[in-house]
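Welcome, and please open your viewer. We will go from one selection to the next and say what is there at each stop.

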Amino acid sequence: MNETKEIRLGYFAVLREQAGCDCEVFETTAQTPSELYSELQAKNGFSIDQDALRVAINGDFAEFDASLSKGDEVVFIPPVAGG
Amino acid sequence: MFSLSPEPIDVQKLRDGMILEDCGGFSVFEGWVRNLNEGKIVQKLTYEAYEELALLEAERIEKEAFELFPVKQIRSVHRVGTLEVSEVAVWIGVASVHRKESFGACRYVIDEIKKRVPIWKKEFFADGTEAWTRCDHCAGNHAHDH
């Protein structure tokens, strides 16, 4: 049994609208952003597939199979449209 | 140097702030809000940014541009907040000794900003609908050559 850890999530754009908030604290046993997104997608009803996203951990881009640590700040990044 | 601006971009002030006496070439790109997107009339749009990472990634892009193109100065600004049609959404200025490098660096910076920087755009259309660009169907992006 994996111990749960607290992850701080930041949401932007369409994920922010679908989550109904711009941030939340989430207790999870997820080891990676990939596992975490699966849980959040089920919880918040996110319509974006994981393979359309990037992810940032503690303010910089990260891999979906990176290890999550307690207190990490994770942001799932929908397709960007700047410029 | 890159910054996000909640206020309208003062293009004259940015340009004047980049004058260097040893530079003979200056290239500018301005991205304007267009009134049409995929056949729908745009009334206004909003830009939203993940600020911490947008600043970090845009500075990386400028650093790469300096490595690829021997230019003297790069300055770029992206709006956040609500914009009307024809407002300047993004401004990129590049000063170089000779003109050739400034074109290349300017194009590189805007192309990379569009691909990599965590900024999102929501368009509000005349028909009352609204949509996050590239997230309309939430999967399967189609490529545009702008």
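How many of the six residues of strand S2 (residues 23–28) of chain A are buried? Select that strand: the number is zero, so S2(A) lies largely in the open. Here a residue is buried if 20 or more other C-beta atoms, placed from the backbone, lie within 10 Å of its own, exposed if 12 or fewer, and partly exposed in between. Strands (E, at least two residues) and helices (H or I, at least four) are DSSP runs, numbered from the N terminus.

A word on the model before moving on. It is a predicted one, in which local features need pLDDT of at least 70 and side-chain atom pairs count only at pLDDT 80 or more, while totals for chains, interfaces and linings use all residues. Residues are numbered from 1 along each chain as its sequence is written, and chains are lettered from A and ligands numbered from 1 in the order in which they are written.

Glu6(A) stands opposite Glu27(A) in S2(A).

Now show both chains. In contact are 18 residues of chain A and 24 residues of chain B, where contact means that C-beta atoms, placed from the backbone, lie within 7 Å. On the side of chain A that touches chain B, helix H1 (13–19) and strand S5 (73–77) of chain A each give two or more residues.

Move to chain B and select its open sheet: four strands in the order S1-S5-S7-S2, with mixed pairing. Its edge strands are S1 (2–5) and S2 (25–32) of chain B, each pairing on one side only. S1(B) pairs with S5 (residues 73–79) of chain B in the parallel sense over four bridges, and Ser3(B) stands opposite Val77(B) in S5(B).

Finally, select helices H2 (residues 51–68) and H3 (residues 99–116) of chain B. They pack at an angle of about 150°, their axes 9 Å apart; axes are lines fitted to C-alpha atoms, for helices over the stretch in contact, and angles run from 0 to 180 degrees between N-to-C directions. H2(B) and H3(B) are therefore roughly antiparallel, a term for angles over 145 degrees. Residues of H2(B) including Ile61(B) and Leu68(B) meet residues of H3(B) including Tyr108(B) and Ile113(B).

How values were computed
Angles under 35 degrees count as roughly parallel, over 145 as roughly antiparallel, 65 to 115 as roughly perpendicular and the rest as oblique. Two residues are in contact if their C-beta atoms, placed from the backbone, lie within 7 Å. Two strands pair if DSSP finds at least two bridges between them.
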